[in-house]
Structure formats: structure tokens, C-alpha cells
Amino acid sequence: MTGTAPSGAAASGIRLPRALMLALPLVLIAVVGALAPWLAPASPSATDLSASLEGPSTSHWLGTDQLGRDQLSRIVFAARTSLSVAAVVMTLAFVVGVTIGAVGAFAGGIVDRLVTWAVEAALSVPSLLLALAIIGIRGNSVPNLILALTIVAWAPYARIARGAVLGYRRSAASEALVGLGAHPLRVLFGHVIPTASRPALVFASTDVGAVVLATAGLSFLGLGITPPTPEWGQMLVESRPYLATAWWLWLPPGVAITVVALSGNLLSEHLGVAPELRRLRIRRPRPTPSTSPKRGRAQTAAKTGRPVPLWEMRDLRVDFDTPDGPVAAVRGLDYTLDRGEVLAIVGESGSGKTVSCLAPLGLAGDRAAVRGSARLAGTELVGAGEDTLRAVRGAEIAVVFQNPYAALNPLRRVGALVADGLRPPAKGHQARERVVELLRAAGLPHPEDVADRYPHELSGGMRQRVLVAAALAGDPDIVVADEPTTALDATTQAEVIELLRRLQRERGLALVLVSHDLGVVAHLADRVLVMHDGVAVEEIAADQLPNATHPRTRDLLDAVPRLPETRAGTRATTRSTEARC
Amino acid sequence: MLRIQDVTLRYRRRSGGPLTAVDGVSLTVAAGEIVGLVGESGCGKSSLARAVVGLHRHDEGTIGLDDVDLSALGASERRRHRRRAQMVFQDPFGSLDPHRSVGSAIGEALAIARSVPRTQRAERVTELLELVHLDPSVRGRRPRELSGGQCQRVAIARALAVEPRLLVCDEPVTALDLSVQAKVLDLLVELRDRLGTGCLFITHDLAVLARIADRIAVMHEGRLVESGPAQQILTAPSHPQTVRLLEAATRFPSTAQNPPIGVPA
């Protein structure tokens, strides 16, 4: 418990004041409305024809209307009316909508289809028109206004709840619960309804503004709240003859409606943003190009004996800005990479291996502050402008990302995705030919056919090959492969590794292979850089790995699952038996 | 304890005939035994696992856990009996409710099982967390505040809360880092030794099974193509598919003929 307190407090410490600030106008107006009988200086319906249409004064702060009623009192009482109507409508819409949506998704089958149909029907009808029709048929009264607004407002809640519940039902969490033997009612009330309510509540905060606006609109049209009950829309109607002469009649109710609607929208926008994004405050880092010679430089230069390596990192540091202060992800990394070389960067998750590759290319996000030096053929990338980096990415350094399921746009054909990266750019036949050639190079069978498919029609291994083809499209000198096989099953992993090795040799690429699995990289890399906690703890030739001494390297070696030793001999026999058949 | 007999499982497809995912598979798991079920993605191993814990109906054959077939029971009986076989899922984060604390997730499992009185639940949660080598102070955290390995431990603790006879682990370490994988695997072996729980362990990676399995069954295209003691399958495979999987699981081909790295010669 104690361990979580700081992080929990930090997270809400960022969030709460902001949300409260945005909600403040709404809350204030609600409080004023609730306390109207005590706050208002006069009765909202007390007429005084002798004092009609008076401007603001000390006795009437916001002046009087044509019947001599105190405008301030009317505004305050109108807040009570508007927000009461909104509260009732939203409670009804929320309960009805969430229940219908959750039950539909939970029940499935014909019930769900009926719910979907009803929601779509309700959403496709223009809402104000529907409300007008209902009030027109049933007559002008507050219950009818609430009924009309509820019928207009429930559908989005149902749709949101249905989506949340469908997502939940497909999750392993819900299956685990079923597997534990939980009663359906426990599942429904303990998990399904809360799951459905959370996003619906967020939506409700936008809806406040919309409902208040709709109430005012209907009242303005004479179909909502009827005089003499004060209501903002109603007040606007009454002010119409005096638009030019008495600003105090129309301005205050207009401002009140705007404030409520705006406050609701801003609040929902704030609440709707992913919590992860909100927790990490975004701040542009100030790049500080390093000029002073860094430790280890002279030594490495002397060792390699080459004046300008293809890719050179010197004292690279990456800090992430978080609410709890900066977090150092990479803390002084040095390495060089030459043409045709394969470097493996290995380490546990969180050791900074991926970030160290992506940050110099400007791919680690806005909250990453990069310092030190990363030179591509002598050109400094740390602190370089976005234009420079864009020219480098793809054409000089290409990245194969970890998750082949997420890294491809599901709405575009494979051919178009690969063609995007072609450097120099090409169109039509020429592009097509080069794309097919790249797909063939990536070992995809029937490349012409694959080019016309969508990513979801391909297996994980094929998608990873498409990503490799896309990385090669810019004819880069360096390919960074970030955990290229982690998402794949064992047989496919072996094939993708074979592919990377072949392409690297054929094209003389420099390859940076990022992985947590020493087993995967050991026979592909020339050198292995072992990272731990943001620093390189050991740099070692791959064939020297068995003699590695650093404890972190030993840990990684020991973690590689291994088959029994006797296997090799037996397997050779089996294979030769097969060959003979 | 677990007896799978001639089980066939089909999926209906929108077009074409039904797809046979599992085709006449028979398999047993004894108490205190870890049986590995291995195969490529799409070979039917996960479908079979889900049928064992009652998340899928099978079309033919019987799945008996202590001679009770879940699919033959009524709803409330089934709820009571399905506790005996618990599933540990591949995605440690996805199998826990992100809005609930660790303590509340395990506490809920205890409430469902009614195995301990309400007043002793907190105490039992502490015991379970200690059993999976987690500091009891994590009970107040949400899944997102834990690492993948810690989350998987929580999922295992929750499964153990209902005192199952059998753990069905569906690729439980695939989503984890190698160094974390090893620790979770060691935990499963330790729990088997301490509690005598049987374990059906599903994976695509034979190398993982080499670390923990007593017996191994190999599936290919819905059928069981080979099964036997782990040592035998790993050292003297007889089916070509097993050989393929073994080759894929070999991580140090260059040193395969030599003593493996990390093991003193």
C-alpha cells in the first residue's frame, strides 16, 4: 500500500486540479442554481411595471426586463431550471442507455441486433427535429420536455456501453472470471456495468452542455420551459424585441449558456485523453549538442583505426520527462557501427536498448530529451532539425518495428505501404515493379499477389517480412530491427532471422538488432552490446559469448531456454533418415 | 486426474464446411505432473486448452477432470466444478481488470470460491502473494503499475485462490522477457512440488518445455502426432513435425554440437 501512495498521488496531483478547474464553472453555476432562493436578491416573478427596462444599477445589478423583473434573480433561478432539467435528462439517458447497451452486448444474438438497430435508428434521426415532434404530439410541459430530450439523448450512451462491454467480453479478464466459476450476476454487476459506465460517464460530461443547449433551444422555440418560469433560452426569446436597446437582457443568459456548454466540452476533452498521455507531461526538450570530447572516444578511435565510422554514438543520454521528474533511460552510451557489420544490443526490458536506437532519429516521442552525440557518417543527429531527421529516416536508417500486427496500416494494401517508403519516390508501373522486387527479396511467396492484399490477410510471419521489405524500400545503409521476432512463433522466428542474415549479407547493410533474447541474436551478430539500466555493461564479440564474464551477460545467457545436449546428434540422424526417404 | 478422450472440436465458418480445430485427441495429466502441449500457431492447442477449462464446447469425446465432464453439467454445477481447472493466460495484463487492485482481484476469486470466511480473506491474499514470491505490499497496486512478470504471478495467485487441481497455462511466458520467463517457469515447478497441482502447459517453444515438462505431447493440424516422456521427445523425436519444432527451438545452432553455452563443459 505504502509503495503505491506516491505514484497514485502524483498521478492525481497532475490530473485533479486541471479537471477541477475545467469543471469549476459548471459546479459554480450548479451551486448558485441550487441556492437560488437564498442568493437571489428578489423573486424572479415579482413584476414592477414602474421599473421596466431599467439598466444595471445598485438596486438591480443586471437591470430589469420589460415587466420590471430583476434580471439577476431570473438568471440565478434559470440556472436552477436548466441544470435540474439537464440532471434529470442525463440520469435517465445514462441509466437507460447504459442498461440497454450493456444488456445487448452481454446477451448477444438477436437482442444485440435489436439494440444495434434501435441505436442506429435513434442516431440517424436529427435530434432536435425528433424532440420537436415528440413535444408537438404530446403537448408543451416539463415532463414532456424531459421525455423528448431523453429519447434524443440515450442512444450514444447505449452505443458507448455496448462497445465497452463487447471489448470486455472478448478479454482474457472476463474469461478468467468465468473460469473461476463466477455467477453471471456477479459478472454483470461487478464488472460489466462498471466497465460500461466509465466511458459513458466521460461522455456525460460533454453532454451537459448539449442538453442545456437543447433545453434553451426548445424553450427559445416556445416548446420547452414556458413563462413565467425563468429559463435561459426563454429569457433570450423575451429579450428579442430589445436586442438593440437593452443589452442586459440578452447578454447574461447568452454568456451563461456558452459557459456551461464550453465547460462541458473542455472537461470531456480532458477526461477523454488517455491517462498515460496525461501522466507524462509533454515538454519540448532543449537539445544540447555535445562539443567536448567524451570519455572512451580516443580509445575506440585508436582501436578501429577508422576516421569516420558509419554510425557513431558518443555518451548518448536520453531522459524522459515525467511528473516525478526526469527519468534517465540511457545514461551514456558509446558504440560504433561500420558498413556490413551486425551489432546486437541485448538487455532486459527497460534497459534502454530500444530507446537508444530510436531517440537519435527523433522517434522516441516529444518527452524524450536527447543529449550527447550520434553521428551518421560524420553528420550530427542529436539536436538536428526535423527536416534533417526526416531525410535520414528511411533513406539512411530504416527501422523494423517489433509488432507486425500494429506497425501496418490496416486500411492500406501491402503494395501501397511498401511504395510509401521508396527512395527515390516512384509511381505507377515503376513503383509496382520495385515493390514486387522488394517483397520477393523479403522472401514472400507470390509477391505480385501479396502486394494486392491487406495486412489482416497475412500471417504474423508474412507481415514481418512486409515490414522488412518496407524498411528496404528507402535503400538504407543501416537497418535497426527492434525485437523483430518477439511477436512470432518459434518456427517463424527462425525464418525471419534467416531472412535478415541473408539480406544483410547480400546488400552489405549495417544491422542493429535489438533483442532481449541472446539466443536469437548470438549467431546473427558480429558483436554484442549488453545493456543494463541505461548503460552498456559489456561489449563482446559474438563468438566470445561463452567466455563472457559480466554478471548481467551471464544472467541473459542463463535465461535462454536450452534443449538437452544429446539432441544434436540424434537430430542429425533423424534428418538423414528423412533425407533418404 | 485429467482425462481427455477422443476430443474433436469444430468451428463453424461463414463459408465452406466446419473447420476441425482439434481432431480426436486423447491425453492425460496426473496430479503433480507437468504435461507440455506444443505445436505451431493454429495447430489447435489453445482450442483444446479452452475446452479443458470449459471456455469452449467440444463436439465429440469426453474431457474428464476427476471423472467429471464439465460440458455434461448444468449451469450452477458447472460453475462449481470449473474451479478445479484454472487457466493462466498469455497476456498477463489482459487477464486482469485494469481498474481493480491486485488485492481486490485475488479477493474476488476467494469470494467466488467461498473457500475462506470473509474475515480471513485479507490474510489469505497475503499468503497467496507470498506463495508466488510477490511482496504483499503490491496488493494495493493496479496491474499497470506492475511488470509483466509480476502481473503473471498475480494471475497465478488468483488461479490458485480457488484451489484448483489443474492449472492450464496457455503460453504463460510468451509475452515476457527471457530472464523473467525463467523465473515464472521456476515458480510453476515449485508450485507443482509444493501443492501437487497438475499442469497442462501450452507453448510453441519446445525449449521452454525442456525446462519444466515431465511429458510432452506434440500437436499438428489438430491431431496429436507424438507424445511421451519429455526426455524422449527432446532427444529422440520420431515425427518430422517434432523435428521441425526442435530445430526452431534451437537458439545456438553454431554451438549445438558443443556443450551449450553457460553449462560448464
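This is a predicted model: local features need pLDDT of at least 70, side-chain atom pairs count only at pLDDT 80 or more; totals for chains, interfaces and linings use all residues.
The crossing of α5(A) and α6(A) is right-handed. On the α5(A) side, the residues in contact are A:Ser127, A:Leu130, A:Ala131, A:Ile134, A:Ile135 and A:Arg138. They meet A:Asn144, A:Leu145, A:Leu147, A:Ala148, A:Leu149, A:Ile151 and A:Val152 of α6(A). By type, the residues of this contact divide into 10 nonpolar, 2 polar and 1 charged.

Chain A as a whole has 22 helices and 11 strands. Of its 581 residues, 45% are buried. Among contacts in chain A between residues at least 6 apart in sequence, 69% join residues at least 24 apart.

Chain A also contains an open sheet of 6 strands, in the order β7-β8-β9-β4-β10-β11, with mixed pairing. Its edge strands are β7 (397-400) and β11 (535-541) of chain A, each of which pairs on one side only. Neighbouring strands of the sheet are turned by 20° against each other on average, direction ignored. Within the sheet, strand β8 (residues 478-482) of chain A pairs with strand β9 (residues 510-515) of chain A in the parallel sense, over 5 bridges. In this pair A:Val480 stands opposite A:Val512 of β9(A).

| Helix (chain A) | Strands touched (chain A) | Angle between directions |
|---|---|---|
| α18 (residues 460-472) | β7 and β8 | about 170° with β7(A) |
| α21 (residues 551-559) | β4 (342-346), β10 (527-532) and β11 | about 105° with β10(A) |

Which residues of α21(A) are buried? They are A:Thr553, A:Leu556, A:Leu557 and A:Ala559. Seen down the axis of α21(A), the buried residues fall within an arc of 165°, so they line one face of the helix. An α-helix has 3.6 residues a turn, so residues three or four places apart point the same way. The cover over the buried residues of α21(A) includes β4, α20 (518-522), β10 and β11 of chain A. Helix α6 (178-195) of chain B is also part of that cover.

Methods: Residues are numbered from 1 along each chain as its sequence is written. Chains are lettered from A and ligands numbered from 1 in the order in which they are written. A crossing is left-handed if the near helix is turned anticlockwise from the far one by less than a right angle, and right-handed if clockwise. Helices (H or I, at least four residues) and strands (E, at least two) are DSSP runs, numbered from the N terminus. Two residues are in contact if their C-beta atoms, placed from the backbone, lie within 7 Å. Ala, Val, Leu, Ile, Met, Phe, Trp, Tyr, Cys and Pro count as nonpolar, Asp, Glu, Lys and Arg as charged, and the others, Gly among them, as polar. A residue is buried if 20 or more other C-beta atoms lie within 10 Å of its own, exposed if 12 or fewer, and partly exposed in between; C-beta atoms are placed from the backbone. Two strands pair if DSSP finds at least two bridges between them. Axes are lines fitted to C-alpha atoms, for helices over the stretch in contact, and angles run from 0 to 180 degrees between N-to-C directions. The arc is that of the directions from the helix axis to the C-beta atoms.
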